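Please read them with the coordinates open.

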Amino acid sequence: MAISRCVSRAIVAALGCVAAGGALAHHSYAMFDAARTVTVTGTVAKLEWTNPHVFIWLYVPNAARDNGFDLYAFENGSPNVLLKRGWSKETFAVGEKLSIAYWPLTDGRTGGHLAVATRVDGSVIRAAGGPGGSVDASDAVAAPAAPAGKP
Amino acid sequence: MSARATRLGRSTAVLLSVLAVLGASAQSAGDAPSAAYASLAKLPDWSGWWGSGQAGPDELRMQPPPLKPAARDAARAAGPDADPLRYCRPMQFTGSNGGFTEAIEFLFTPGRVTVTNERGLLRRIYADGRAMPAAPDATNTGVSIGRWEGQTLVVETTGINPLASYGGVPIGKNVRITERMSLKDPGTLQIDVVTEAPDVLTQPDRRTRLYKRVAKTMANEITFCTEYDRSIEPGSGKQRFDLTPPADLPPPPPR
């Protein structure tokens, strides 16, 4: 039963990928761990506002590193999808502190798919897309606590 | 008055009459486009962009197409991952004007409706009374012939590329898609779609898609065909997550 359900899901996922006019045909979400989200806190290095995916680059403190930081990359939806969800290319400023919940890469590298970010002032910004494929997948993810600092 | 003068007068009158007729004809020709455009005022207001969160994977999860067993096996073999061969392919119409992310718009001109979406779909629907060609060439958006039934636009589409993907498999030959488009209310556009694809479907696939009018102008495009894509390796279409930092990153903040 479990196997047939899995196969059924695979078929449906394939249908979803292709019959939607190719909207999801860009890539699968298999590279992300859909079973969990992870939270990190850091400083925005760049908001890469590009098709087909917007990326957020974050410096995350790591005392074990020579420069004291790991560089994380978080994939997000496309600019047009994010515009509909209230984003703009100025949503995050370089140097801004954020706490980010994300679906991690399954290969363990420093990155993943953005789910939700919380600013120092406590305001919450939700991403678009993620494992499962729906635009509002991040709505089910709890927002992380605001990072320490002055708003 | 001499006979010569009389003939001259008659010739002049005839000439003036001919010029008057020609002038009137020219005037009519000049007015024709305006009159044709004025006729658009009778059509419903579908202006702006229309978005749908429905015409995509959620809809297909709820209501999979009635694939024949062989087609279902082929879709299963394709698996849930995207087909890299589709990378950067042009838009193809197989019944959905917009999918997971794409808002659509309708442009009315005399005798024609043009449908576009954010990914560059371009459908030319001829609504000028012409007949469907008997054997149209296969193209990515097919040949669409429309007619207005009151405030409803009825569109028949044939000539679709047999390799265009539908339900995860090539849609095959002798495809006919019928759409009935009308406003359900001023902010909701309803499109009833019937897809006949005898090579892969056990029966016509019937769907109703609802699009909501988008308040803002959609100025952005969505494209997978960028000069640099962190998720797809150009050429091979192989999926990746490229962590090469942008060249213009600022230095890390002070510790």
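**Comments on the predicted model**

1. In this predicted model, the largest nonpolar core comprises 35 residues, and those with the most contacts inside it are A:Ile56, A:Leu58, A:Phe74, A:Ile100 and A:Leu114. The elements of chain A that each give two or more residues to this core are strands S1 (38-48), S2 (55-61), S3 (69-75), S4 (97-104) and S5 (111-119), together with helix H2 (79-84).

2. As to the overall arrangement of chain A, its secondary structure consists of two helices and six strands, which follow one another along the sequence in the pattern α-β-β-β-α-β-β-β. Of its 151 residues, 50% count as buried, and among contacts in chain A with a separation of 6 or more, 57% are between residues 24 or more positions apart.

3. Why does A:Thr118 count as buried? A:Thr118, which has its place in strand S5 of chain A, counts as buried because 21 C-beta neighbours lie inside 10 Å, where the cut-off is 20 or more. Apart from neighbours within four places in sequence, its contacts are A:Leu98, A:Ser99, A:Val124, A:Ala143, A:Pro144, A:Ala145 and A:Ala146. A:Glu48, by contrast, is 70 residues from A:Thr118 along the chain, and the two C-alpha atoms are separated by 18 Å.

4. Turning to chain B, nine strands close into a barrel in the order S1-S2-S3-S4-S5-S6-S9-S10-S11, with mixed pairing, and the twist from one strand to the next averages 30 degrees. Within chain B, S6 and strand S9 (residues 176-185) pair in the antiparallel sense over five bridges, and B:Glu156 has B:Thr178, in S9 of chain B, as its bridge partner.

5. B:Tyr211 lies in strand S11 (residues 205-214) of chain B, and this residue is buried because 24 other C-beta atoms are within 10 Å. Not counting residues up to four places away in sequence, B:Tyr211 touches B:Trp50, B:Gly51, B:Ser52, B:Ile104 and B:Leu189. B:Lys173 is 38 residues from B:Tyr211 in sequence, and their C-alpha atoms are 29 Å apart in space.

6. On confidence, the mean pLDDT of chain B is 82, with 76% of its residues reaching 70 or more. Within chain B, confidence is lowest in helix H2 (residues 57-62), at a mean of 56, and highest in strand S6 (residues 152-158), at 98. Where pLDDT is low, predicted coordinates should not be read in detail. For the model as a whole, the scores are ipTM 0.78 and pTM 0.71.

Conventions:
Residues numbered from 1 in each chain as written. Chains lettered and ligands numbered in written order. Predicted model: local features only at pLDDT ≥ 70, side-chain atom pairs only at ≥ 80, totals over all residues. Helix = DSSP H or I, 4+ residues; strand = E, 2+ residues; numbered from the N terminus. Buried ≥ 20, exposed ≤ 12 C-beta atoms within 10 Å, placed from the backbone. Contact = placed C-beta atoms within 7 Å. pLDDT = per-residue confidence, 0-100. Core = buried A, V, L, I, M, F, W, Y, C linked by C-beta atoms within 7 Å. Pairing = 2+ DSSP bridges. Axes fitted to C-alpha atoms, helices over the stretch in contact; angles between N-to-C directions.
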